[in-house]
Amino acid sequence: MDNKKSNQEIDRRDFFRKTAAMSVTAIAGTSLVSSNARADDPAIMHHPSWGQKWGDPVTKNRYGVPSKYEHNVLRRNTKLLASGNFRASIAVTPIQESMGIITPNGLFFSRSHGGVAHVDPNEYRLMIHGLVEKPIVLTLEQLKRYPSVTRTHFIECPANGGQEWRGPQFNSIQFAKGFMSCAEWTGVYIKTILEDLGLKDEANWMLAEGSDNSEMGRSVPIDKILDDAMIVWGQNGEALRPEQGYPVRLLLPGWEGNLCVKWLKRLDFSAEPWYAKEETSKYTALKPTGKAIQHFYANEVNSTVTSPSPEIDWSHLKDGDVVEIEGLAWSGMGTITAVDISFDGGDNYKAAKLKGLVLPKSWTRWSYMHTYKKGDKLYLTSRAMDDAGYIQPTIDQEVSVMGVESVYHRNAVETWEVTETGEVNHVQIRS
Ligand SMILES: Nc1nc2c(c(=O)[nH]1)N[C@H]1C(S)=C(S)[C@@H](COP(=O)(O)O)O[C@H]1N2
Ligand SMILES: [Mo]
């Protein structure tokens, strides 16, 4: 009896020990937070002040805002990016704070050549003309009667990282990589509208023009229009924000942000491109030969480590802490197939894990679990691949082709130096 009882006890204890051991194995290599946390923390939330009085009326914020404690998670600007004028400027997204693959609308990066226009939806009209059988002027309500689709895509200004051709400029991920965001867009495929209006055979190009004071105009090849080009009015489940072109913008999934004309007023179909201001003086890539590449469209495969980063360092970590290295990867040419992470600036790589939804022409989140060693100096470099067969170049590979005079389409790998004390700096590693 005694023997049996004690056996049962042992069995029970063993069972608990085994479960504990099993969960440790399950967690090992993913998270060992519990080794740093305590059971007797006196700061436990025992009668907290907010629990001893009424909260706010539930209707206080009829349109909700983030917790006041998140006040530092903001779009930012600097004179360096503003050419002295914050209207014709860019506000960069805190991608180091991003979670998942969606940018909240209040943090979506915003680039405007003539300030943010405020368009009255009742006065809004979209003219579609040129080489179509049935030219038309649509109200917003008429436009929205076409069957809609919802797709997740990033928008990236091709100048993202464009300050970095000659070396690191900003010791900040937000400024070095935040000229982009990703959202779930709702709108109509232009091919759906063209099925209704009839496209003439000679139409090779489409001009999209904005109604803001910059009158942004860009020519788009007809193949892209008939593939996945959209006119969108929805952004993450609500109307576009004014900064994103309310009430209607063009969305060319994966292509230069500049082509995604906001406050859209006109689509003109033609046989030839227009050579508008923004596709001649700007948004071309100057090569070492002195010639420039024109009609440059898709943003190439790219990636970055978002955590750690200059804004989110590791100085608080203790030796042996297990920490998740996280980042984003994206390609305007297709779907991310793999991301590698290097600890020595790109000499050796290990495979990272893709997390969550992996969608074409969308941000893709990736992760790698790492055991931190205090005193180690690391050079963290990520490298992404896409299903179009591209892989991010080294800085030297990119510079050997493009020189350093260019601004746009920089997609070479990027490196964060993690110092012995866990501070993180933006560096460039050349071979
Ligand atoms: N009408 C209009 N469309 C525009 C612009 C503009 O100034 N006017 N800026 C372009 C540029 S340069 C970029 S990178 C993207 C930025 O989109 P976002 O402000 O929604 O991030 O919009 C593009 N569309
Ligand atoms: Mo841009």
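Let me begin with a term: a polar contact is a pair of N or O atoms within 3.5 Å, and within protein one must be able to donate a hydrogen and the other to accept it, while residues adjacent in sequence count only if both atoms are side-chain atoms. What we are looking at is a predicted model, where local features need pLDDT of at least 70, side-chain atom pairs count only at pLDDT 80 or more, and totals for chains, interfaces and linings use all residues. Residues are numbered from 1 along each chain as its sequence is written, chains are lettered from A and ligands numbered from 1 in the order in which they are written, and side-chain values use heavy atoms, with hydrogens and water left out.

Now to ligand 1: a backbone N or O atom of Phe109 lies 2.6 Å from one of the ligand's oxygen atoms, a polar backbone atom of His113 is 2.7 Å from an oxygen atom of ligand 1, and Lys262 brings a polar side-chain atom to 2.5 Å from a ligand oxygen. Of the 530 Å² of accessible area that ligand 1 has on its own, the protein covers 100% (areas come from the Shrake-Rupley method with a 1.4 Å probe, and for residues only the protein chains shown count as cover).

How far does the confidence reach? The mean pLDDT of the protein chain, on a scale of the predictor's confidence in each residue from 0 to 100, is 91, and 93% of its residues reach 70 or more. Over residues 1-31, however, pLDDT stays under 50, and the model has 7 contacts there beyond four places in sequence, a contact meaning heavy atoms within 4.5 Å. Where pLDDT is low, the predicted coordinates should not be read in detail.
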